[in-house]
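Trainee: I am new to this structure and would like to learn how to read it. Could we go through it feature by feature?

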Amino acid sequence: MAITKRHLAKTLSWRIIGSVDTLLLAYMFIGTLESGLKITGAELVTKMILFYFHEKAWFNSKIENPNKRHFIKTFTWRAIGTLDTMIISSIISGNPFMGLKIGGVETISKMLLYYLHE
């Protein structure tokens, strides 16, 4: 399947929105801008790759109802994205519970943001 401008545009625009959200949450929980920037920087790489493949997988979806499709897509992406955030936040903060906190709150914030993005 060829790379399309639509896939690339959605990947980049979502990553900007998601990165700002992650930066704010990491700063709020960890308390240092440096840690927030490290987590956000790591996610710039991992999430763009993960999102691109998620978007490509959904491109040929047989679900015709757009609302149902966006709803299911929101939950599948959030599961992937939250796991990624928890792992990266745990590694960078050195505290697995911090990764769980950041990932837990972003589950709600990013699902709302992602649905609006779609």
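Mentor: Start with burial: buried means under 20% relative accessible area, exposed means over 50%, and partly exposed lies in between, with a 1.4 Å probe and protein chains only. By that rule R78, with a relative accessible area of 3%, is buried. Before going on, note that this is a predicted model, where local features need pLDDT of at least 70, side-chain atom pairs count only at pLDDT 80 or more, and totals for chains, interfaces and linings use all residues. Residues are numbered from 1 along each chain as its sequence is written, and side-chain values use heavy atoms, with hydrogens and water left out.

Trainee: In which helix is R78 found?

Mentor: Helices (H or I, at least four residues) and strands (E, at least two) are DSSP runs, numbered from the N terminus. R78 is in helix 3, residues 66-93. The chain has 4 helices and 0 strands, in the order α-α-α-α from the N terminus on.

Trainee: Which residues does R78 touch?

Mentor: A contact means heavy atoms within 4.5 Å. Leaving out residues up to four places away in sequence, R78 touches E106, T107, K110 and M111. For the chain, take the contacts between residues at least 6 apart in sequence: 73% of them join residues at least 24 apart.

Trainee: How do I read the overall form of the chain?

Mentor: The radius of gyration is taken over C-alpha atoms, and the globule rule is 2.2 Å times the number of residues to the power 0.38. For 118 residues the rule puts a compact globule near 13 Å, and the chain, at 14 Å, agrees with that. Along the principal axes, the C-alpha atoms fill a box of roughly 45 × 25 × 20 Å. Of the 118 residues, 39% are buried.

Trainee: How many aromatic pairs does the structure hold?

Mentor: A pair of aromatic rings is described by the distance of the centres and the angle of the planes. Rings of Phe, Tyr and Trp (its six-membered ring) pair if their centres lie within 6.5 Å; planes under 30 degrees apart count as stacked, over 60 as edge-to-face and the rest as tilted. The structure holds 5 such pairs. One of them joins W14 and Y114, edge-to-face, at 5.3 Å centre to centre and 85° between the planes. This pair links distant parts of the chain, since W14 is in helix 1 (residues 5-30) and Y114 in helix 4 (residues 96-117), 100 residues apart.

Trainee: Are W14 and Y114 buried or exposed?

Mentor: W14 counts as buried because its relative accessibility is 0%, and Y114 counts as buried at 1%. Another edge-to-face pair is Y52 and F53, at 5.5 Å centre to centre with 80° between the planes. Here Y52 is buried at 15% relative accessibility, whereas F53 is exposed, with a relative accessible area of 55%.

Trainee: Which residues do ring pairs link into a cluster?

Mentor: W14, F51, W77 and Y114.

Trainee: Where does E118 lie?

Mentor: E118 lies in the segment after helix 4. At 22% relative accessibility, E118 counts as partly exposed. Not counting residues up to four places away in sequence, E118 touches K10, E55, H70 and K73. E118 and K73 are 45 residues apart in sequence, and their C-alpha atoms are 9.4 Å apart in space.
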